[in-house]
There are 2 protein chains.
Amino acid sequence: MTDRGPAGNAELALLLEVAGTPKPGNVDRHRDLPDLRFEHFLAGAVGARGGLSMAAAGEPVGASFERAVAGMADQRGGNTQFGALLMLVPLVAATAEGGSGGEETPTPEAAATVVANTTVEDAAGFYRAFDHVDVFVDDPPEGADDLDVRRGGDAVPAVRERGVTLADVMELSAPRDGVAAEWTNGFERTFATAERLLDAEGPVLDRVADAFLALLAGEPDTLVAAQHGETVAAEVTDRATDLHDAPPAAVESFAEDLVASGINPGTTADVTAGGIFVALQRGLAV
Amino acid sequence: MTDRGPAGNAELALLLEVAGTPKPGNVDRHRDLPDLRFEHFLAGAVGARGGLSMAAAGEPVGASFERAVAGMADQRGGNTQFGALLMLVPLVAATAEGGSGGEETPTPEAAATVVANTTVEDAAGFYRAFDHVDVFVDDPPEGADDLDVRRGGDAVPAVRERGVTLADVMELSAPRDGVAAEWTNGFERTFATAERLLDAEGPVLDRVADAFLALLAGEPDTLVAAQHGETVAAEVTDRATDLHDAPPAAVESFAEDLVASGINPGTTADVTAGGIFVALQRGLAV
């Protein structure tokens, strides 16, 4: 039995995610990006703990997320784990969702229930979270300018007027954001990643790196698509696919190339963090 | 203002300590030891949080320490941070000790008060902590076999019969244990390390590595002395002294040599962790 609990496991998932190496294009144990360094992620993970504990205690998802983001942002690197927290908060909340609260939580069903039960106030908390840190996001869908997340808390009156829940917001974003897509598809890739981590052998950080690469090969990263276009995102995915079972040096070389090109598959890292959390809850031993 | 609080800062201190590189002879961002890897320290730091929170809330030092150690031990690497927690728990407890509870805590005075106020029950908690994890310790001083910490909880009746407080136990160990020495000397090297970290410039992990090397140059590491003898410990200190202002490659080479020789200056890492915590409390920005 562990003393960590769901909030501690979520924090540990953030730490194992950033430590896993090589994680091409991302900060990892062996690589920093300019102005975004490993220690910023360590501080971000610890700072997020208060909000993660709120989610574990059954507090509303939106308020928990806003608190987690505000705590995460208390370091000098800027946005380290906004997307990862958007993955983790509903999953942590799902451990408090009815049922036994046992080691097997969160179930996909409980996670879907958390999503379905989100409110307009949860959406408001999500928007306010953007006030705490500078997050890269693309233009909103047509006709949704008043719901542009880049407006942060200023968009809250429009959120209330339109009566959109956080689930509605995620549905709006899902076609172009891999984290929002997980919210709407029952966290399919997240739970698959957890199983992959549990089935693998060897040191946990090697498993994390493998899981990241498999996710990157599976679907184009939506952050790369938003920042560099869909052609580049597809190329990155093709190259990750070719690296399946490739020698470590080939993956390292891919990692160097992506950093040199400023290509950061951050959404894939976010989904990886969610998968690590579920795996820890299901008994992944570190 | 930070959401982390003293318990979060103590946890972050554990993470920054293990990530600082090069930290000759120790696990760091770039180095594992056989069977003791970076991820074990990540899990150890998160697992210790519950006990650190107890200390921050003013719970007894011994019970807080035992809980922190039990949580830390929930990973497969064995003893990752026993000594570092023995440094941190009284310092965290000192933030709850009277006074303003402001950013400047812990003061050396508050830390000394925490030590002076420890009880026989605190000593019992300290002994019980040894039941949770295998810690390398030398033979006890002559005439103190019944207080041998390797007896763990079995020594508690002798602790009670002799009426020794945790401060008494530390005083007994101070001549041969650098962490216990900090308890008895007002955490002198700890507070000096905090000032060094605050005065330095550049990325925090570089400052941590510099602070570690300065501590290693300042005094022979007591874990190295216990495991390899005082001659080896003195040689390591001499070599660390020679490396002051040496090029990074020379420090890296020293780091490789120590790992190859199985020489692990773990006590120096423990004091470093204490210094990082105090620096974070005093506003060190990550």
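**Entry 1: the interface**

I started with the contact between the two chains, which takes 35 residues from chain B and 35 residues from chain A; contact here means heavy atoms within 4.5 Å. This is a predicted model, so I kept in mind that local features need pLDDT of at least 70, that side-chain atom pairs count only at pLDDT 80 or more, and that totals for chains, interfaces and linings use all residues. Residues are numbered from 1 along each chain as its sequence is written, chains are lettered from A and ligands numbered from 1 in the order in which they are written, and side-chain values use heavy atoms, with hydrogens and water left out.

Next I looked up the area: about 2800 Å² is buried between chain B and chain A, and carbon and sulfur atoms give 57% of that. Buried area is the accessible area (1.4 Å probe) that two parts lose on being put together, summed over both. B:Asp3, B:Arg29 and B:Val286 supply 24% of what chain B buries against chain A, more than any other three residues.

How are the two copies related? I found that a rotation of 180° with 0.0 Å of shift along its axis superposes chain B on chain A, with an RMSD of 0.0 Å. The copies are thus related as by a two-fold rotation axis. B:Arg29 comes closest to the axis of the residues of chain B, its C-alpha being at 3.1 Å. I also noted that 100% of the interface residues of chain B are interface residues in chain A too, so the copies meet through the same surface.

I counted four salt bridges between chain B and chain A, each a side-chain nitrogen of Lys or Arg within 4 Å of a carboxyl oxygen of Asp or Glu. One salt bridge joins A:Arg4 to B:Asp74, with the closest N and O atoms 3.7 Å apart.

**Entry 2: B:Gln75**

Then I turned to B:Gln75, in the loop between helix H4 (61-72) and helix H5 (82-95) of chain B; helices are DSSP runs (H or I, at least four residues), numbered from the N terminus. Is B:Gln75 buried or exposed? At 9% relative accessibility B:Gln75 counts as buried, the cut-off being under 20% relative accessible area (1.4 Å probe, protein chains only). A polar atom of its side chain lies 2.9 Å from the backbone oxygen of B:Gly78. Beyond neighbours within four places in sequence, B:Gln75 is in contact with A:Val286, B:His40, B:Ala43, B:Gly44 and B:Thr80.

Terms used:
Helix = DSSP H or I, 4+ residues; strand = E, 2+ residues; numbered from the N terminus. Buried < 20%, exposed > 50% of the residue type's maximum accessible area, 1.4 Å probe, protein only. Polar contact = N/O pair within 3.5 Å; in protein donor to acceptor, adjacent residues only side chain to side chain. Least-squares fit on C-alpha atoms with pLDDT ≥ 70 in both.
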